[in-house]
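Please open the model in your viewer and keep the selection tool at hand. We will go from stop to stop, selecting a few residues each time and looking at what is there.

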Amino acid sequence: ATRYTLIRKLPPVLHFSVQRFIFDFENMTRKKSKADVQFPSVIDMGRWIGEGDEGSRQHDISSEQNVYELRGVLLHKGASAYHGHYEAQVYSSDEHKWYQFNDEIVTETDLQPKGSNKKQASSTCTDEAQNGARAFNSRDCYCLIYARRNSEHAGFQLEMPSRDVQARIDALNEDLQGRCDDYNTTLKQQLAEFESLRMEKQRIYNTWQISNIQEPFRIISLRALQLWLQRGFPENISDKTKDDRSALGQEWNREVPLIQCLHGRVDPAFAADIRVVKVASFNALMVSHADLFAQEGMWELCIDCTQLLLRERIYSQDHMKDVEEFRVVEEEDNECVMITDEAFWISKNWLRDWTLSKPKMHIPGLPDPGPEKEPFQSHVYCEHGNLTLSEGSRVRIGPKSLSFIQGLFPEWEPPLTSSESCVLCESYAASDSAMKEEAVAVSVKERESLRILKSMNPLTNGKIVLTGVTYALIPTNWVRSWMSWIGEPRRHSRPADVDNSIFLCSHDLLALDPCDATSLMNTDLSLVTLMQWEKIVAHYPGSGPLITLKRVQDEGLVCEGRGSCRECLLTSDSNKSEDCDVFIHILEKSDDTPTLESHNQVRIAMAANPSMLPSPSTRVMSRRSKRLRGEKGFLRLTCVSATRKSSILLLLCQTSLQEGVRLQDQTFYYEGKEITDESTTLGELSFSSGDLLQLVIERGARSNAMVIELESDDDTLGETSKRRKVPPAEGRAFQGTLLASA
């Protein structure tokens, strides 16, 4: 059996796809075939009509029914199969013309499709050539459209519009023609104005150059001349787009560079930015463009600045010549100094700076300072007028180099390298060395005596306060200074006695609250044991006053013998910034209702573990919660940064995102009282930084999520507590959509 396709009847219009886009099995990608495709303008399809009744009748009735003429070519411009540009070439049967369609641009084209070359018809187009066909070649065509010859579909009969529609079309055409006439009139007028302005500028431009130096002239800024040439003409399109200017020809303020010196004349340093023009041309420019050019009194070149500029150029040339000669003399001296011991001392910094092409010591208009001037003199001579002890600030030069430099700076008299150093400076240095050695001995003795302070460093012990142990307050700066001194006694000085008055107010009471967790977090405060304090007082007898803290069961931290000044604490709290850290104690609905007693118990636990408190976070969804051990188990705390103007509603939103619960399932408590008004601010609650809020969350209304408490600050899941896992609550099942009832 043979399977085949039989064509019995053809439609009025045929579309042929030339398979321009193929699949490359080697690269497994689509690609565009760039083969040159040949196609005729007329094609006889009768040869492909199959044998049969209908086909035979169609072929016998008239062969013209099987002849098709080219009416359209679809083109794909581009080398890739994934992108490119599409165009179309369409033949008008009424006008007998070909048109090129490129997006919104329609142009008349040749009979031969664009992008193809006329060639001699091949053997496959022999029959078509006999029918008057022409063969075309194209590398871009991907679809060919043929229409049956003498068919009613080969051309389209345009239906004439109704009278109303035709009247509207005529009105639109008349309005468009009027606008075109107005545009052409305006364009001609603008072109005439442009040509007139161009001729006027060209007349001034061609005549403003002076013929000789004796001719009167005026000095003008080059930038001003450039702006004058641009004024009145449309701006460049790229500049208009870049600067977002809405209309061509729009002027804007430009800053003309100042060419004026401090003396009110033209600065010669701007010689490249100025031009000399004739007086007549300058007067013509000033008639209508005086705002672009210099003011009265700037038409003369500044003689003083010119002389200064000339002197600086002469100095630069002479200086480089002197440096080159000095290099030659220095090389000769180096050979002599190796043979003889005759040499002299000179400042190393001065010699290094002076040999530069542009010395940093040089001030325009003034001579360079010599080696005898300060600060270079102190590099060689001490305050007693003798040779300094340090040789790192001076270098040796030979006699020839000395003569060369003294020829430039006659007042300079250097010492010989064989000169003795200052006796007084040597005695002071010896005394200072003895003092440093004594300080080393003292530091070693204190290090052994205060070994307990070194081993139990208050800077790194985390301020952990144990129950029943008495601690003493000490400034952190003193501990840091003492550590630096015993580490490098030759470099650092021994600290003075401990001064604890910084922790006291004007009423001789504590200026901090020991029960406040943020007080112990203060970096200016450190804690030492009473034994450490006694050791410190033994070496620093003037230390004091003694301020002790002790943890008492059920009371937290208390200050023995000295209380906190409430008046100063309130004043200090009112003077603080609006920013404050809010500690939040997170509770479940099943836990006991917060009370004032439970609030105080949490505060005591916070004061007992200041190093375990979470750090504040301003990021939403950041996991900063930590667990503290309280009387009834672990307490979950989190800390957020807020302001005194922050409302309870804002805190509810933050905890809602962090905990994944709804707003209505959260309740805040402060000092055992429920906060019912969500608009209440922290300032209205007299909330201080580091204070505590208690949050009760009803987990039952949470979405399908498992609450897992993290053991650390990072986002990694560690060992979790089974007590903190809450299974997702089963909610209402899916009830379907409302499409059926719509």
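How many bridges join strand β8 to strand β9? Select residues 97–102 for β8 and residues 105–109 for β9, and you will find that five bridges join these two strands, which run antiparallel. Strands (E, at least two residues) and helices (H or I, at least four) are DSSP runs, numbered from the N terminus, and two strands pair if DSSP finds at least two bridges between them. Before going further, note that this is a predicted model, in which local features need pLDDT of at least 70 and side-chain atom pairs count only at pLDDT 80 or more, while totals for chains, interfaces and linings use all residues. Residues are numbered from 1 along each chain as its sequence is written, and side-chain values use heavy atoms, with hydrogens and water left out.

Next, select residues 222–230, which form helix α4, and colour Ala-224, Leu-225, Leu-227 and Trp-228, which are buried (under 20% relative accessible area with a 1.4 Å probe, protein chains only; exposed means over 50%, and partly exposed is in between). These four lie on the same side of α4 because they cover an arc of only 160° around the axis, the arc being that of the directions from the helix axis to the C-beta atoms. If you then show α3 (163–207), β13 (217–221), β14 (274–278) and α6 (279–288), you will see elements included in what covers the buried residues of α4. After α4 comes Gly-232, whose phi is positive, near 95°.

Now move to helix α14, residues 530–539, where Gln-532, Trp-533 and Ile-536 are buried. They cover an arc of only 100° around the axis, which puts them on the same side of α14, whereas Met-531 and Ala-538 are exposed on the other side. The buried residues of α14 pack against α11 (451–455), β17 (470–475), α12 (476–487) and β18 (525–529).

Finally, which residues does Gln-532 touch, not counting residues up to four places away in sequence? Select Ile-452, Leu-453 and Met-456 to see these contacts, where contact means heavy atoms within 4.5 Å. Gln-532 counts as buried because its relative accessibility is 2%.
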